[in-house]
Amino acid sequence: MKILADINDPEIVETLRDAGVVVLRTDTLYGVLAKADDEKAVERVYALKSRDVAKSPIVLIASLSQLFDVPSREELSYLNSVWPEKVSVILPSVHAPVWLRRDNGSVAYRMPADGNLRELLMKTGPLIAPSANPEGMPPANRVSEAEQYFGDKVDIYVDGGEVMDDTPSRLVKLHKDGKVETLR
């Protein structure tokens, strides 16, 4: 286990590409990050958090090209109107791995506005990013709180300072007919 201070440290990319788990401050809260296309890494995060296996994770992306499914013209128009921003959008999916869809036929994506985070995502590909806390506990607002939760079960912690605004991302579901449903 290491504690780093710079999201641009190349060791973070290497660790994530190697099925590692990294806790870092996302555009909303501290998250537990792992490669979305690596089933072993995703399941490691689920075990670490004692996460309900029926709940799909949020998938952070740097660009629309990182979506697992090709969006329709309507979906694309909507996504371009809300991203990059603190908006998580649930899209129907048939091509995303089952460990992301969790049998619900959809994936929740977010394209963060934070340039450093998007740069990391360009190097790693899509990353799952559930909040840094065990299921049922409050999310960590400091890296030290995440470390208390997970200890040496996380490969790298990246200290991004204290989270002052713990407002979660807006969560919307985009239906196949183009209807937008706000969930939070």
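The dialogue below takes up a cavity and then one arginine.

Modeller: Please note that this is a predicted model.

Biologist: How many cavities of 30 Å³ or more does the structure hold?

Modeller: The structure holds one cavity of 30 Å³ or more. The volume of the largest cavity is about 40 Å³.

Biologist: What makes this space a cavity and not a pocket?

Modeller: A pocket is an open set of points, whereas in a cavity a 1.4 Å probe fits but cannot get out. The largest cavity is lined by Ile7, Asn8, Asp9, Pro10, Val13, Glu119, Leu120 and Lys123. The elements giving two or more residues to this lining are α1 (10–17) and α5 (115–124). The largest share, three residues, comes from α5.

Biologist: How is the lining of the largest cavity divided by class?

Modeller: The lining has four nonpolar, one polar and three charged residues. Pro counts as nonpolar, and Asp, Glu and Lys count as charged.

Biologist: Why is arginine 142 called partly exposed?

Modeller: The relative accessibility of arginine 142 is 34%. Buried means under 20% and exposed means over 50%, with partly exposed in between; arginine 142 therefore counts as partly exposed. Arginine 142 is placed in the loop between β7 (127–128) and α6 (143–150).

Biologist: Which residues does arginine 142 touch, not counting those up to four places away in sequence?

Modeller: With that exclusion, arginine 142 touches Tyr30 and Glu162; contact means heavy atoms within 4.5 Å.

Biologist: How far apart are arginine 142 and valine 154?

Modeller: Arginine 142 and valine 154 are separated by twelve residues in sequence and by 15 Å in space, C-alpha to C-alpha.

Terms used. Residues are numbered from 1 along each chain as its sequence is written. This is a predicted model: local features need pLDDT of at least 70, side-chain atom pairs count only at pLDDT 80 or more; totals for chains, interfaces and linings use all residues. Side-chain values use heavy atoms; hydrogens and water are left out. On a 1 Å grid over the protein atoms alone, a cavity is a set of points where a 1.4 Å probe fits but cannot get out, and a pocket is an open set with protein on both sides within 12 Å along at least five of seven lines; lining residues have an atom within 4 Å of a point. Grid points are joined across faces, edges and corners, and a volume is the space filled by probe spheres set on the points. Helices (H or I, at least four residues) and strands (E, at least two) are DSSP runs, numbered from the N terminus. Buried means under 20% relative accessible area, exposed over 50%, partly exposed in between (1.4 Å probe, protein chains only).
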